[in-house]
Amino acid sequence: MPVNPIIPTIPLTEDGEHHGFLRLPYSRDDSAWGSVMIPLSVIKNGEGPSALLTGANHGDEYEGPVALMDLATTLKASDITGRVIIVPAFNYPAFRAGSRTSPIDKGNMNRSFPGKPDGTVTEKIAHFFNSVLLPEANVVVDFHSGGKTLDFVPFACAHVLENADQQAACVAAVEAFNAPYTMMLLEIDNVGMYDTAVEDQGKILVTTELGGGGTASARSIAIAKKGVRNVLKHAGIMNGELDTRPSVMLDMPDDDCYVFSEDDGLIEPTRDLGDVVEKGEVVARVWLPDRTGRPPIDYRAKRSGILVSRHFPGLVKAGDCMAVLGVVVDSL
Ligand SMILES: [Zn+2]
């Protein structure tokens with residue numbers, strides 16, 4: 001098996017605050033012996049649990065990068081027991097391009113696991129996380145939001161897992177994150193996801209969908225900053241009381257939560273994020289873009305719930321996810 005070429009420029013296991021890079025050699029036209037320099041901070045104090053914190057798994061999702069740049073700058077070794085590894089821009093080439101996937105190889109980080117040491121740039125980054133950083137982590141926070149094409153009510157989420165103890169530990173950490181909504185998320189397609197790699201290694205995972213539209217807001221960034229500190233406190237890495245407020249608990253029981261378009265056209269949202277929707281209600285309409293005098297196509301909710309996600313751009317294509325419903329529950 002080839003060795004992964006990524007080299008950290010700072011120690012991963014020394015006490016103190018270290019700021020540097022994961023350096024990935026990348027030979028190309030404008031730099032024959034060049035590298036991809038992925039920003040990295042490692043803050044460590046003594047023996048204790050390790051947290052691995054990532055933003056911009058998708059390059060156009062911004063709450064994670066902002067909250068983690070802030071944490072890396074403000075967190076002192078004396079604030080913690082254990083270790084915090086911070087990578088604000090996991091798919092760094094995608095982050096710099098402002099795109100979901102990497103401009104180098106079109107790699108979607110969250111479909112590239114477990115990665116390859118001799119694969120594409122994205123696969124090499126995935127492999128380094130899977131084989132070097134993840135095995136040493138106890139708790140993992142991976143920030144997402146909707147990117148340029150989706151928008152979400154702000155939630156932290158866990159997944160249904162085969163191991164009930166691991167699932168309970170993940171749910172407890174997700175509840176500690178304390179976003180305004182807390183979700184048991186049903187993935188459309190979990191093959192190759194970082195989430196799956198983290199969970200398969202038996203780790204505690206907190207992931208989020210905090211907003212979207214290719215930007216972030218003061219509110220969504222505040223949720224991210226508070227949430228990551230809450231998780232570090234919950235894990236026993238940071239001292240102090242958790243900052244918690246009421247959170248709406250949501251479940252996604254089956255695929256009926258998703259509404260996909262079967263048409264290209266102009267989308268007319270008929271419900272907004274957070275609205276209560278009854279089964280059979282129209283959640284969006286699609287107008288034919290190229291003529292007048294034709295009625296729109298109605299898309300209806302297949303179950304009752306809260307609108308937790310919507311298509312963001314004004315134009316929609318067949319196959320696009322237009323709406324996602326979450327069902328309010330008493331507990332996860
Ligand atoms: Zn994402």
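Colleague: Where does Asp 30 lie?

Modeller: Asp 30 is in the loop that runs between strand S2 (16-25) and strand S3 (35-45), strands being DSSP E runs of at least two residues, numbered from the N terminus. This is a predicted model, in which local features need pLDDT of at least 70 and side-chain atom pairs count only at pLDDT 80 or more, while totals for chains, interfaces and linings use all residues. Residues are numbered from 1 along each chain as its sequence is written, and side-chain values use heavy atoms, with hydrogens and water left out.

Colleague: Why does Asp 30 count as exposed?

Modeller: Its relative accessibility is 65%, and exposed means over 50%, buried under 20%, and partly exposed in between (1.4 Å probe, protein chains only). Asp 30 therefore counts as exposed. Its side chain also makes a polar contact of 2.9 Å with the side chain of Arg 28.

Colleague: What makes that a polar contact?

Modeller: The term needs a pair of N or O atoms within 3.5 Å; within protein, one must be able to donate a hydrogen and the other to accept it, and residues adjacent in sequence count only if both atoms are side-chain atoms. The Asp 30 to Arg 28 pair is at 2.9 Å.

Colleague: And Thr 54, how do you know whether it is buried or exposed?

Modeller: Thr 54 has 0% relative accessibility, so it counts as buried. It sits in strand S4 (residues 50-54), and its side chain joins that of Asp 142 through a polar contact of 2.7 Å. Beyond four places away in sequence, Thr 54 touches residues including Leu 68, Val 87, Phe 90 and Tyr 194, where contact means heavy atoms within 4.5 Å.

Colleague: Why is Asp 264 called partly exposed?

Modeller: Because Asp 264 has 46% relative accessibility, it counts as partly exposed. The residue lies in the loop between strand S12 (258-260) and strand S13 (265-269). Its side chain reaches the backbone nitrogen of Ala 318 at 2.7 Å, and Trp 287, Pro 289 and Lys 317 are among its contacts outside four places in sequence.

Colleague: Last one: what makes H4 and H6 oblique to each other?

Modeller: Helix H4 (residues 164-177) and helix H6 (residues 218-234) pack at about 135°, their axes 7 Å apart. Under 35 degrees would be roughly parallel, over 145 roughly antiparallel, 65 to 115 roughly perpendicular, and the rest is oblique. H4 and H6 are therefore oblique. Their contact involves Ala 172 and Phe 177 of H4 and Ile 223 and Val 231 of H6, among others.

Terms used: Axes fitted to C-alpha atoms, helices over the stretch in contact; angles between N-to-C directions. Helix = DSSP H or I, 4+ residues; strand = E, 2+ residues; numbered from the N terminus.
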